[in-house]
Amino acid sequence: MLAAELWWAERRPLAASALADELVVAFERLRWFPKLGRLYKARGVKAVRRLFLSRTRYHLYYVYNEDAKEVVIFSLWSAVRGKGPPLHRIS
């Protein structure tokens, strides 16, 4: 996520805090509604969800472990890239 924050700071200095602000809101929403994101098909990874961050146009890819009551973030990926991150490489 640091790379995305650096990108915003360099290329959108007036909105540099936008990504951090939107992530704070997303994390709080996932805290209360961990199944908020839509299911996303990823080879080799079960029950991946994707949450769209509309202000910055990023997707947050994560899995909710219901037994542990834990959200595991796999990737923050720009939605404008056209295709998702290589989640199949995550074990």
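Mentor: Start with a hairpin. Strand 1 and strand 2 form one, with two residues between them. This is a predicted model.

Trainee: Which residue in the turn of that hairpin has a positive phi?

Mentor: Strand 1 covers residues 38-42, and it pairs with strand 2 in the antiparallel sense over four bridges. Among the residues facing across, Tyr 40 has Val 48 as its bridge partner in strand 2. In the turn, phi is positive, about 85 degrees, at Gly 44.

Trainee: How many bridges join strand 2 and strand 3?

Mentor: These strands also form a hairpin, with four residues between them. There, Arg 57 takes a positive phi near 60 degrees. Arg 50 has Tyr 61 in strand 3 as its bridge partner. The pairing is antiparallel, and the bridges number six.

Trainee: Which element gives the largest share of the largest nonpolar core?

Mentor: That core has 13 residues, with Leu 19, Leu 23 and Tyr 58 among those touching the most other members. Helix 1 (2-11), helix 2 (18-32), strand 2 (45-53) and strand 3 (58-65) each supply at least two residues. Five residues, the largest share, come from helix 2.

Trainee: What does Leu 19 contact, leaving aside its neighbours within four places in sequence?

Mentor: Leu 19 is one of the core members that touch the most others. Beyond those sequence neighbours, its contacts are Ala 4, Glu 5, Trp 8, Thr 56, Tyr 58 and Leu 76.

Trainee: How many residues are in the other core, apart from this one?

Mentor: Its members include Ala 42, Val 48, Tyr 61 and Trp 77. Val 48 is also the bridge partner of Tyr 40. The residues in this other core number seven.

How values were computed:
Residues are numbered from 1 along each chain as its sequence is written. This is a predicted model: local features need pLDDT of at least 70, side-chain atom pairs count only at pLDDT 80 or more; totals for chains, interfaces and linings use all residues. Side-chain values use heavy atoms; hydrogens and water are left out. A nonpolar core is a set of buried Ala, Val, Leu, Ile, Met, Phe, Trp, Tyr and Cys residues joined through side-chain atoms within 4.5 Å. Buried means under 20% relative accessible area, exposed over 50%, partly exposed in between (1.4 Å probe, protein chains only). Contact means heavy atoms within 4.5 Å. Two strands pair if DSSP finds at least two bridges between them.
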